[in-house]
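Here is a short briefing to read alongside the model. Have the sequence and the coordinates open, and let's walk through it together.

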Amino acid sequence: MNIGIIGTGYVGLVTGVCLAHIGHKVICVDMDKEKINQLKRGIVPIYEPGLEPLLKKYMRSKRLSFSLSIKEVTQKSTVLFIAVGTPSKKNGDADLSYVENVSRQIAAHMNSYKLIVEKSTVPAETGEKITRTIRLNLPRKYKQGKKASLDFDVASNPEFLREGSAVEDFMSPDRVVIGVQSKKAEELLREIYKPLKTKIIVTNMNSAELIKHASNSFLATKISFINALSRICDKVGADVLKIAEGMGLDKRIGRSFLDAGIGYGGSCFPKDVDAFIRLSEKSGYDFKLLQEVRRINEEQKQFFLKLIEDKLWILKNKTIGVLGLAFKPNTDDIRNAPSLDIISALQKEGAKIKAYDPQAMEKAKDVFHDVAFCKDPYALSKGCDCLLLLTEWDEFKSLNFTKIKNLMRHAIIFDGRNFYANQNMEELGFEYYGLGLGFNTEKSG
Ligand code: UDX
Ligand code: UDX
């Protein structure tokens, strides 16, 4: 099938490449000329394991191409996926201006039946607004009654891709969710996803949109739940890792998303929790549970900062080494990463920050100021009064800690992801602090 993808970000690009991988002919468009020029040269502007070889393979076989023209993509495609950004506004609402803008541009160039699919995460009732926008912006000849108005459909098809495993998540999804208004739209989407041989849930658009917000918000709720538990563990001397293991063996709960730490970040959870709270408020429901999930997530970073201050006493002029900047491992994405708030708070106290991340430093250089970026964890450790582990990259597991200890001014580690909890850092000569590992950090505070 001829498919168009509008927006070649983390989601749009993976979706386009993987749709080509399962046999479709895909054109991807973006308004960012630099990004499209890179992609046309086979350069992938994001770090996503496994994406680049697939992109190059399908560009060679002419199944995948890139364009700057929404007109070209619209007229050459039967199905168009909208995957443009839906960032948060100041009040937490999702900014849908890009979605509206793209919907108008598609409508203006439509010359035959199209199925327009929401891939971006949007609040419930957005599909209805896209439908109205397209109807209002169809070419004049389809609106003056001389010709039957052009037939089209809008559908919701939310993505559940995790950055760092997005290709695998696309190719082996737990389910595909489609929210449709017609049998034709359902049949087209069933045909698109047929090669995946996965469960397809068919519902209306509002339900499909809500499944996405509800899924992300529930995952965020699990994270804030275990983070709240980690605070209790620090007070009563319990071990949050064992609690997560004990809870997770209950099939109804499941072990995943029960890793305590400095909390969730990224371009989805913070934005989607905010947008869901706002959507609920506007629909007349005060989603207090979700407000608490957000509050706990923010408080976890404050608690981590308080722990550092408790142990270092004066932060001014202290040199702090940050291991990991990305919001999670296996990505270069630093959007809403906990490292942003933590580093800026420490700098406000006069601390000097050094940082290392295997993939995110290029993007971080545009955001962090007065941070000394280092070439490896050993250059990072030199002269540090402490290290903060903020992103649990695999390569941080097998460091030479004796060498690190000798390079540091003081061998103190604050582990924001409990990454070294089972490596007995004290025996290696470190003063070690995790989150919820039974240290009575709060009693001393
Ligand atoms: C985006 C949304 O933020 C997320 O909620 C949704 O789940 C998937 O799409 P992401 O791919 O990470 O996620 O966004 P981003 O990396 O910002 O990429 C969006 C792309 O759309 C950018 O390349 C941007 O240039 C492009 N875009 C944006 C357009 O081509 N046209 C526009 O009008 C606006
Ligand atoms: C998430 C959803 O998982 C995915 O389905 C959706 O499509 C997009 O948003 P992503 O944001 O890429 O994916 O990463 P994810 O692996 O979900 O982690 C999100 C954040 O939660 C990260 O900051 C991670 O560090 C944090 N996290 C995750 C925890 O703090 N504890 C956990 O147990 C799991």
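Setting neighbours within four places in sequence aside, Phe414 is in contact (heavy atoms within 4.5 Å) with Phe304, Leu307, Ile308, Lys311, Leu312, Cys386, Leu387, Leu388, Leu389 and Tyr433. This is a predicted model, in which local features need pLDDT of at least 70 and side-chain atom pairs count only at pLDDT 80 or more, while totals for chains, interfaces and linings use all residues. Residues are numbered from 1 along each chain as its sequence is written, chains are lettered from A and ligands numbered from 1 in the order in which they are written, and side-chain values use heavy atoms, with hydrogens and water left out.

**Nonpolar cores**

- A nonpolar core here is a set of buried Ala, Val, Leu, Ile, Met, Phe, Trp, Tyr and Cys residues joined through side-chain atoms within 4.5 Å.
- Buried means under 20% relative accessible area, exposed means over 50%, and partly exposed is in between (1.4 Å probe, protein chains only).
- The largest core has 62 residues, and Leu325, Leu346, Leu388, Phe414 and Tyr420 touch the most other members.
- Helix H12 (residues 288-312) is the top contributor to this core, giving six residues.
- Another core, of 44 residues, lies apart from it and includes Leu19, Ile36, Ala83 and Ile200.

**The six-stranded sheet**

- Helices (H or I, at least four residues) and strands (E, at least two) are DSSP runs, numbered from the N terminus, and two strands pair if DSSP finds at least two bridges between them.
- Six strands make an open, parallel sheet, ordered E11-E10-E9-E12-E13-E14.
- Strand E11 (371-373) and strand E14 (431-433) are the edge strands; each has a single partner strand, so one side of each is left without a neighbour in the sheet.
- From one strand to the next, the twist averages 20°; axes are lines fitted to C-alpha atoms, for helices over the stretch in contact, and angles run from 0 to 180 degrees between N-to-C directions.
- Five bridges join strand E9 (residues 319-323) to strand E10 (residues 352-356) in the parallel sense, and Gly321 has Lys354 as its bridge partner in E10.
- Helix H13 (residues 338-348) packs on the sheet, where it touches E9, E10, E11 and E12, and its direction makes about 155° with that of E10.
- H12 lies across E9, strand E12 (386-389), strand E13 (412-415) and E14, and runs at about 165° to E13.

**Val322, within the sheet**

- Val322 sits in strand E9 and counts as buried because its relative accessibility is 0%.
- Beyond neighbours within four places in sequence, Val322 is in contact with Ile343, Ile353, Lys354, Ala355, Tyr356, Leu380, Leu388 and Leu390.
- For a sense of distance, the C-alpha atoms of Val322 and Met205 are separated by 43 Å, with the two residues 117 residues apart along the chain.

**The two ligands**

- Ligand 1 has 21 residues around it, of which Asp30, Lys35, Thr86, Lys271 and Arg335 come nearest.
- The side chain of Lys35 has an N or O atom 2.7 Å from an oxygen atom of ligand 1.
- For Thr86, a polar side-chain atom lies 2.8 Å from an oxygen atom of ligand 1, and for Arg335 a side-chain N or O atom is 2.8 Å from an oxygen atom of ligand 1.
- Ligand 2 is surrounded by 19 residues, the closest being Glu163, Lys212, Asp259, Phe327 and Lys328.
- Backbone N or O atoms approach oxygen atoms of ligand 2 at Phe160, 3.3 Å away, at Gly265, 2.9 Å away, and at Phe327, 2.9 Å away.

**Loop residues worth a look**

- Thr121 is in the loop between strand E5 (114-118) and helix H6 (126-137), and it counts as buried because its relative accessibility is 7%.
- Leaving out neighbours within four places in sequence, Thr121 is in contact with Thr86, Glu159, Lys212, His213, Lys271 and Asp272.
- Most residues other than glycine have a negative phi.
- Asn336, in the loop between E9 and H13, has a positive phi of about 55° and is partly exposed at 42% relative accessibility.
- Asn418, in the loop between E13 and E14, has a positive phi near 50° and is buried, with a relative accessible area of 7%.

Note on methods: Near = heavy atom within 4 Å. Polar contact = N/O pair within 3.5 Å; in protein donor to acceptor, adjacent residues only side chain to side chain.
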